[in-house]
Amino acid sequence: MIPDAIAASVLQSGLIPRGTRVQVFSEIYWVFLGLGTLVGAVVIGYMLKNAYKYSDRGGADEKERPKLGEMPTGGGKGKKLFLSLSLSAIIVISLIAWTYGTLLFVEGQTGDQGVDVEVEGYQFGWNFHYLNDDGEYSGVNTTGTLRVPVDTQVNLQITSDDVFHNFGIPALSVKGDAIPGETTETWFKATEAKNYTAHCYELCGQGHSYMEAGVIVMEEEAYNDWYAEQRASAENDSAGNIAAAGV
Amino acid sequence: MTDETQPRTDGGTATALPGDSHDDGSHLPPRWSIKRWLITTNHKDVGILYIVTAMFFLVFGGMLALLIRAQMWAPRAPGEGILSAMAYNQAVSLHGLIMVFWFLSPIATGFGNYIVPLQIGAEDLAFPRLNALSYWLYLASGLMVFASFFQGSTFAGGWTLYAPLNIPAFMPSIGATTTVFAIVTFCASVTVGGVNFITTIHRMRAPGLTMRSLPLFTWSWLLTVWMMLLAFAALLAACMILLSDRLLGTTYFAMTTDGGSVLWTHLFWFFGHPEVYIVFFPALGAMAEIFQTFSGNRIVGRKWFIVSMVLVALQSFIVWMHHMFLTSINLEVKTLFMATTIGISLPFDLMVFALIYTLIKGRIRWDTPMLYAFGALVLFIVGGITGVFLGAVVLDYEFRGTYWVVAHFHYVMVSGATALIGALFYWFPKITGKTYNEFLGKVSFAVFFTGFNLLYFPMFLAWGTPRRVFAYRPEYLVWHRIASVGAVILGISFLLIIYNLTKSLISGDDAAANPWPYSTTAEWAVSSPPPLENFPGTPSYASGALEFLGSDDDGSGAAAATDGGHATEHEEVHVDHASVWPFVTGVFSFVTVIGLSGLQVGSYPAGLEGLFYQATSVVGVVGLISAISAMGYENFTAHEGGFGETWPFGGVENTKMGMWVFLASDVVLFGAFIGASIFLRVAYGWTNWHPVPHNPIPGLVNTYLLLSSSFSVILALVAAKKHSRKGIVASLVITFVLGLGFLVNKGIEWLELFHEGVWLDSGVRASTYFLTTGLHMGHVIAGLLITAYLIWRAWNGAYSEGSGETLEYFGLYWHFVDIVWLFLFPLFYIV
Amino acid sequence: MARTKLYTGIYVALFVIATMQVGIEQIGLLEESYVLALALITAFSVIKAVIVAGYFQHLVWEPRSLTYVMMLGFVGFLALTVAASYSIQ
Ligand SMILES: [Cu+2]
Ligand SMILES: [Cu+2]
């Protein structure tokens, strides 16, 4: 594990992608895609070049070739092999180390700020329980639609009521396993007041293909109004319930 | 075929070993007779059976793939398309399971069977009947998969069988149980095969063929079987626990069990990641052979290639949690597994570069095998690079459960299949003695390569599609359409391949012994196909190159094997090639499983259906025990090891080594059961958990009983050394009585718990206690059955004349059962 | 038969160690200091296992490679159990 001090300084250097989940993902993804394509093209191109160059066209052959029944041995070129290995190792390890900084950023982000929602998967849909600042259930809950304020960090606590699901909003680059009896935490921040769709990403039975939820990103004020309204009706409900119970 | 006796020594003793043989065509019917294929134990026959059967499952799995692609032709509303939602889930699940378990591994096993003994200079495997048994268990398991489709519904929860979707509460169909049973049976097949190959490759190599000079295909296969032995034991444990949840009602994976779902992912992926290499290694080894032969170059950096494979094989067991980055595992563990995952990619870089550099200064001939091998490498590079994306945890967070993963692993797995098809063309002349149609072969490659990339590359472009759904965003339509077209083209290429090979088998030209210039390995030094006993003389590399000793001076056997100049006696020893019992065992395994599949949470279905399942269970179990006993009683002589190189198991006789290797896999089996208990206890809260039995004293008494029975087995061995028949019988009887005492004591304990209402389904503490000690009890019962058999044999004087090896090997097993108890006792009774 | 004497001695030792494991529980060490008791009991189990494998199964007299094969399986068990249990801490 890298010591915290180094981690902190690397995180602050500006080298490590930070921002919303969408930003960090796309930044890293495009770097990987660019480098990956380049490496792939070089390696496969080199293969094809040699495949063409050394194709058997008959003619004289100076080289001593393998014979049937010989003891298996290796050809030379060990140096070249290790040079290529070192090169590829440097590329891969530095890429991963670089993304590790972002991982620390992403993992360090859950918690104190923003809106907390418990996401509960069931066969075949999603419940959303809104939590108050103390992390307690606020009485507000919705089924099938997640409403969140724009430009605010939304912390998700994902769990399941039955089988293993996975909650993901692809356009907002957020995803987490929904496991019965466990809670996984993740977060996202939407920068536009738009509608999105959440999917289930783990096969969970017959209705898996259609196990979706709407995600409505609202302007701050509109969200606050909606939330206050929900709170009020939830309180009325529970008060009504108590009254109805004749206590 | 030669008829002379071949001299053998086992590197130290001067006694002749039964390694010599005759071509006993009299015992083995000719190839055109169906009977031959049912009773053969010859490694080449078994190899052919494996390859042909695997091709059938390729077609089966491929048809399911086409169904999937048909459903994906357009984003479907509920009820639209050719498949219902449940049918689609079944197709997705069984496509994965069949391709991984019933096609990829078995076709590689076919080559391992046919080619490896030839490459190492062995006339057959160490345990030919167990080899046949592996095959019949494989076929039986495959037929169970077929049957499962007709028992309501087959398994429909994905090839990863995630919990708790996999338990009856969510998947009640009998067919799902049969599918899990099929995996268990396949695990048994693989374990038996692993023991066999490990023993064979380590102990039955020709003189001079040291480990470092083994051909690369043999190396890759050796590492594959080692990984199989240990990884499949974990899968076996996972599926046995799952079966217990399904059949008996334990609650390991129940929704309400803390950590139950995550436990499944640990057990499954502990197997699942090594499985990737289990599937890919034989392909890699075949690629190395083909690259060398068709470039006319020896592989670059051979030593480092081998070192890389060994590193990968070891590391493959410590990367599994990269499949679980989005579960609730902590950041430290994620970091660790990210590091090991990147670490495991580096040896692969080296191997890829080694293969590429082998081309340089070559005289590359583009015959069909080389086209496939070369194409496989290109595809593997794409698969490898896109896999690095998944190694970056932040990217994996988004790719998890999407078509990126689907595209990536198909590029890896199917590139392996590509290389294995290359291997099929490469070894086809050797196996059949016929030449395939080269032109058609090249055409098939062009179609294959086009279809492959049309099918899988668009999946990268449509990567936002969730896995295993048939409703996707309309913007991906074009990519999914192209993929579906590609699937059809890929399917056509397989038809071309199958047509080409079938036609050539019937009417192809005869193949030369060595149709490939620059090939080096020993299988090309014998005729195509090779004779029953493989070699014209005793193969030896002692002089630095392959020679067949004694092939010229017929019958005299004067040219003794050069392993240090020991004089060898000659004895006409007959070696067997046929036994019907592996086949019969396979049949009754199938019957047993069909019967037991009807059991659900402790009871059979009502009415006639239940009666059918119960009757089938009884017939199956009785038949199975009889068949195994008959196989044990049958006289069967196999080739002994130790005639050449044996590192690092010199001086450990084949059967003893097989027993030890089996026990190593049993360590992992019990380890996974114990690990599961410990994991669930940690999830439950370690100190909140108290032992299920109220009192440790009965457990202590059982410890005494088992320790004493171990001691009496030792006494039996001492008596055998003294050639005392009475001593042997008395000691074994004591062992039997003590073991029986253990069972009775345990039975009383269980009955008391049952009376108190503590049953297997009374929560996770009871489940782990009953199942783990139950597995141990199963081992005790098996041990007692063997003890009873040994007593009967000893009474008839079987072990008092010889050196009592059988008793020693049984002792190894029995002491192992004792050792396991030494851990179970404190874990389940004291702490 | 020197070996017979050795085996008998080992047999007695195993008996004693097994009894001691229960003894630890009986004197209440588990309540007093759980970790210490757990460590002792585990250590005793390991000692017994090593003795049985080494002498009853003759591993001390066999090529070391067989011991390594068994260790391979055991290390696999440890890796699975320790890493999995740690991952949910
Ligand atoms: Cu789902
Ligand atoms: Cu993996």
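In the predicted model, the copper ion (ligand 1) is coordinated by Cys200(A) through SG, Glu202(A) through O, Cys204(A) through SG and His208(A) through ND1, at 2.0 to 2.6 Å. Donors are N, O and S atoms within 2.8 Å of the metal (3.2 Å for Na, K and Ca), and sites may look incomplete because water is not among the atoms. Along the chain, the donors of this ion, ligand 1, follow the spacing C-x1-E-x1-C-x3-H. The four donor atoms around the copper ion (ligand 1) subtend angles of 84 to 130°, which makes the arrangement irregular. Four donors count as tetrahedral if all angles lie between 85 and 135 degrees; four count as square planar and six as octahedral if opposite donors are over 155 degrees apart and all others between 65 and 115, and anything else is irregular. Glu202(A) and Cys204(A) are both buried, where buried means under 20% relative accessible area, exposed over 50%, and partly exposed in between (1.4 Å probe, protein chains only).

This is a predicted model, in which local features need pLDDT of at least 70 and side-chain atom pairs count only at pLDDT 80 or more, while totals for chains, interfaces and linings use all residues. Residues are numbered from 1 along each chain as its sequence is written, chains are lettered from A and ligands numbered from 1 in the order in which they are written, and side-chain values use heavy atoms, with hydrogens and water left out.

Distant parts of the chain are linked here: His273(B) belongs to helix α7 (residues 260–295) of chain B, whereas His322(B), 49 residues apart from it, is in the loop between α8 (302–315) and α9 (331–358) of chain B. Helices (H or I, at least four residues) and strands (E, at least two) are DSSP runs, numbered from the N terminus. His273(B) and His322(B) are both buried.

Chain A contains an open sheet of five strands in the order β4-β10-β9-β6-β7, with mixed pairing. Its edges are formed by β4 (145–149) and β7 (174–178) of chain A, each with a single partner strand, so one side of each lacks a neighbour in the sheet. From one strand to the next the twist averages 20°, with axes taken as lines fitted to C-alpha atoms (for helices over the stretch in contact) and angles running from 0 to 180 degrees between N-to-C directions. Two strands pair if DSSP finds at least two bridges between them. β4(A) and β10(A) run parallel and are joined by five bridges, with Val148(A) opposite Val217(A) in β10(A). Five bridges also join β9(A) to strand β10 (residues 212–218) of chain A, in antiparallel fashion; Asn195(A) stands opposite Ile216(A). Strand β6 (residues 165–169) and strand β9 (residues 195–200) of chain A are antiparallel and share two bridges, and Gly168(A) has His199(A) in β9(A) as its bridge partner.

A further open sheet of five strands in chain A has the order β3-β2-β1-β5-β8, again with mixed pairing. Here β3 (137–143) and β8 (184–189) of chain A stand at the edges with a single partner strand each, so one side of each is without a neighbour in the sheet. The twist averages 25° from one strand to the next. Strand β5 (residues 153–160) of chain A is antiparallel to β8(A), with six bridges between them, and Leu156(A) stands opposite Thr186(A). Strand β2 (residues 125–131) of chain A pairs with β3(A) in the antiparallel sense over four bridges, and Phe128(A) stands opposite Thr142(A). The hairpin of β2(A) and β3(A) has five residues between the strands, and in it Gly135(A) takes a positive phi near 80°.

Of the two pairs of chains that touch, chains A and B have the most contacts, a contact being heavy atoms within 4.5 Å.
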